[in-house]
Amino acid sequence: MSHASSGGSAEAGTGTSMGTAGFDFFGAGELPAPNLPAAEVAAFVLEHWGLDVELRPLGSQQDQNFLAEVDGAPVGVVKITNPAFTAIELAAQEAAAARIAAGAPDLRIATTTRDAADTPRSVVAATSEGPRSIRLIRYLPGGTLTGSGYLPPKAIARLGELAARTSAALADFEHEGLDRVLQWDPRHADRVVELLAPHHPDPGKRAQVTDAAAAAWAQVDAVAADLPLQAVHLDLTDDNVVCTADRGIHLPDGLIDFGDVTRTWAVAELAITISSVLHHAGAEPASVLPAVRAFHARRPLAPAEITALWPIVVLRGAVLVVSGEHQVQLDGGANAYAASGIEREWRIFEQATSVPSEVMTALIAAELSTDAAGPAAGSRDVSGSAGRSSTLGTSSLGMLVPELDPAGIARLDVSITSDAVDGGAWLGDGLDDDLARAATDGWADAAVLPWRTPRLSASRPLSASSSATVPTGIDGWFADPQQLVSPDAGVVISDHGLTGDGLAVALDSGLRLELDGVPGALDETLAAGTRVTRGDVLAVAASGTRIRIRLVRADAPAVPHLVRPEYAVGWLALAVDPAPLLGLEPEALGPGADDDAAALVERREHAFAEVQEHYYEAPPRVERGWREHLIGTDGRVFLDMVNNVTPLGHGHPKLAAAVTKQLRTLNTNSRFNYGAVVEFSERLTELLPDPLDTVFLVNSGSEATDLAIRVALAATGRRDVVALLEAYHGWTYASDAVSTSTADNPNALATRPDWVHALDAPNPFRGVHRGADAARYAPEAAERIRRLAADGRPPAAFIAEAFSGNAGGIPLPDGYLAEVYAAVRETGGLAIADEVQAGYGRLGHWFWGFQQQGVVPDIVAVAKAAGNGYPLGAVITSREIAARYRTQGYFFSSTGGSPASSVAGLAVLDAFREERLQENASETGAYLKRRLEELGMRHPLIGTVHGLGLYLGVEFVRDRETLEPATEETAAICDRLLELGVIMQPTGDHQNVLKTKPPLVITRESADFFVDMLDRVLEEGW
């Protein structure tokens, strides 16, 4: 029950006090919580309501709560209300609960239970502590969101929705019991902090709280007259909502604890709800935005409410901290619930104050595409890296560097689309300075990096949060020393910048000029408080040294030079582009809607066929990759753990150079006579055992498996094919026909043509034969093939992967292919190895998957890795079998085997040799699997870890005995991993396996990061 983030709790019924005046916190004195023995309370319940209950204590800061059970089944919650609250207040709470229940009948509401005669189980009883109001409240199953576990965006959004529905239901609710003065009412937050702060034992923390509360109070007070008043629940927090568990995913759908119902600012309902999110694992201010959006969608926020919202969150955090410390002291350490909340409440306050209120106000306004009632209003910029700047402009300002000719300024570019960051040049430090030095040593008098455009040079891989990549000002370098002069009259307010090496001037135009990287005031006459006029020299910028220039609102808090993209729209609302101070045109107001990830998805859905799905419900926009990393347009770097399309990794320099050179010289079809197609075909056959010596080149894996099947049909003159269940082979007619994975096609089994015969998936973990019994799969498969032949339908081919890729990288049982290949050949058919996923060294120990089984197929299909993402695939067979395809006419592929694709294939093979990629798959893959298996020893959700090398699958189950697939959990885990910087997707027919197939260049450091983030998700929740 209550209170992870609230205080005195009462719900409904008859109060102890028989007066009619509402409770007044400031006149009530101390409020020690009731502390009745459980046995006394149980005896009371038996005497008055005839229920023989067992009681389990529940938390509350100022009341006392027990879960009442009969024979282990909950029958309600016994609440002993703090004696300070009056009967009229409790009646108001009961009426408010009824109002919400009537207004939102689909919500579950904790009201007072009634007996068979419809009498409320609520009385004032004489107890060992004196008269106390005791009630039996309706028990709502499902649990709350109590604890520090991670809350997913959907749960946070639902909290906002519940707050909005509660607010709407109580909008016109009136009751004399609402007239009370609670310490949790933000209208009294300044007085509460002033009263209780002296009780905080830590002087440093006490000062932080009082300073933050004073600033927040001033911000709220400025718009208080415009804030609507109404009845509110005032304690709709993670502790006071109950959830429905949807197969492991908890979403709130009910309310408990109406003890704080009162009349106050309507926006307080939302402020208190979102403040309770902030102590959860991984939560930060931006995490609450789904709740704000959901609230606003149902109950729109007025401009004054947007302005007041975050300052009220800060005040809430301050009140929680001082109230919690005070309550612990008041109860003499006996209130374990209050004591346990001290750390939680401090985290709420820390997170609430980690971003200035002005920034959060602008950010919230931008999210809602509306304005706040104040100068920090922001407008949504879909790039995520800009917002409406201050309305104050720069047109009236003079030049900062009057001697500089704007024509001699080089504009540098270190965004993710810049050529300057190719080949991983953005990693480490120094790229910005190197580019500036090259420019100023050459033709330029100065070089600048613009504001607002995310800088890849500031990004860092393997980080659980985004890097600060968005500049709030510009960076400049000068070929020669330059005098920096004041562009307007003003007052020096600081002789150091954020770096401790610079100065700041409050300009009369209403802006603050901040300079970092200069030696500060030139002499004592420019000390803080000095009045300067336009053109006065402020400092001298040294040659070749970076200076940072910001123009921000005069009343803005300290603005970092680089900010995280999630908050950029808020920070940039406090700033303007300083480029005009150097005579340059300001940057455009934003890259435009085309650069926004959500807008791009919307465009995609209009132009792209719907069945061409994309990863994630709300995917980031990815426009660059490097090795095992993918990079979003905001500079966020993600670890790519699924991309087996690119074994060499992303942005491979030699591959790019080879293909680029070939495209400059010749790219045509393979009917022409040129060397690359011959060399690549020779190199490919050298990697295969005899008699596999003849190559067909195609564009993709689907085409490769399709052609392999057609070759087998032509070579044997038959039409039947045997395949495995749970397999995926492609999207063309023939490859789709033998694909039986229901994850890729829910109708896969019902729509197979009659010439496809599916065998049981030889899955030793969850198949029909498990463990040692998996040895039965091979003889049963062989018998099925022989039976087909006996029935007059001998198969032309048997097709299978050596490792079941879409099932989660599951190896075939030892000896499986040997026995099945023998049976198919015995009946005159051919053996096809689908190596599209398992081939090309991914298994580590073997270059080809079939080698693990000790067999040689008749036909091999390969793609994906062969071109590292360039369109290239191959079918390799014997010359005799290939020749039989002549019965089908000619074969031709426009880009399969083209000069460019052949060169790409050669570059990939070179990189495999030069960079020891197969060895890395073996070594790093073994290390990664070992770490994942260790994780499975601590987290029962991990049923097993499949695979070998860098072809792994982490299978999640709800029960290791029944192997019930954890499908919904797996999807949620992937979403949470994305937040932590890891690209991961589910696979398998049950979508409960992590598809762990990263580029083969992955390092141990990256493998560790993946496992550590997965461990964090499994610990904190998803």
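Here is a quick tour of a few spots in this structure. Keep in mind that the model is predicted.

**Strand 21 and its partners**
- Strand 21 covers residues 547–553, and six of its seven residues are buried, so the rest of the structure largely encloses it.
- Strand 18 (residues 511–516) runs antiparallel to strand 21, and six bridges join the two.
- Strand 14 (residues 474–478) also pairs with strand 21 in the antiparallel sense, over three bridges.
- I549 in strand 21 is a handy landmark: I474 stands opposite it, and L515 stands opposite it as well.
- Strand 23 (residues 575–576) is joined to strand 21 by two bridges, again running antiparallel.
- Within strand 23, V576 is the bridge partner of L551.

- Strand 25 (residues 629–632) and strand 26 (residues 637–640) pair in the antiparallel sense over three bridges.
- To find your way around that pairing, look for L630, which stands opposite F638 in strand 26.

- R165 has a relative accessible area of 17%, which is under the 20% cut-off, so it counts as buried.
- Setting aside neighbours within four places in sequence, R165 is in contact with A104, D106, L107 and R298.

Technical notes. Residues numbered from 1 in each chain as written. Predicted model: local features only at pLDDT ≥ 70, side-chain atom pairs only at ≥ 80, totals over all residues. Heavy atoms only, no water. Buried < 20%, exposed > 50% of the residue type's maximum accessible area, 1.4 Å probe, protein only. Contact = heavy atoms within 4.5 Å. Pairing = 2+ DSSP bridges. Helix = DSSP H or I, 4+ residues; strand = E, 2+ residues; numbered from the N terminus.
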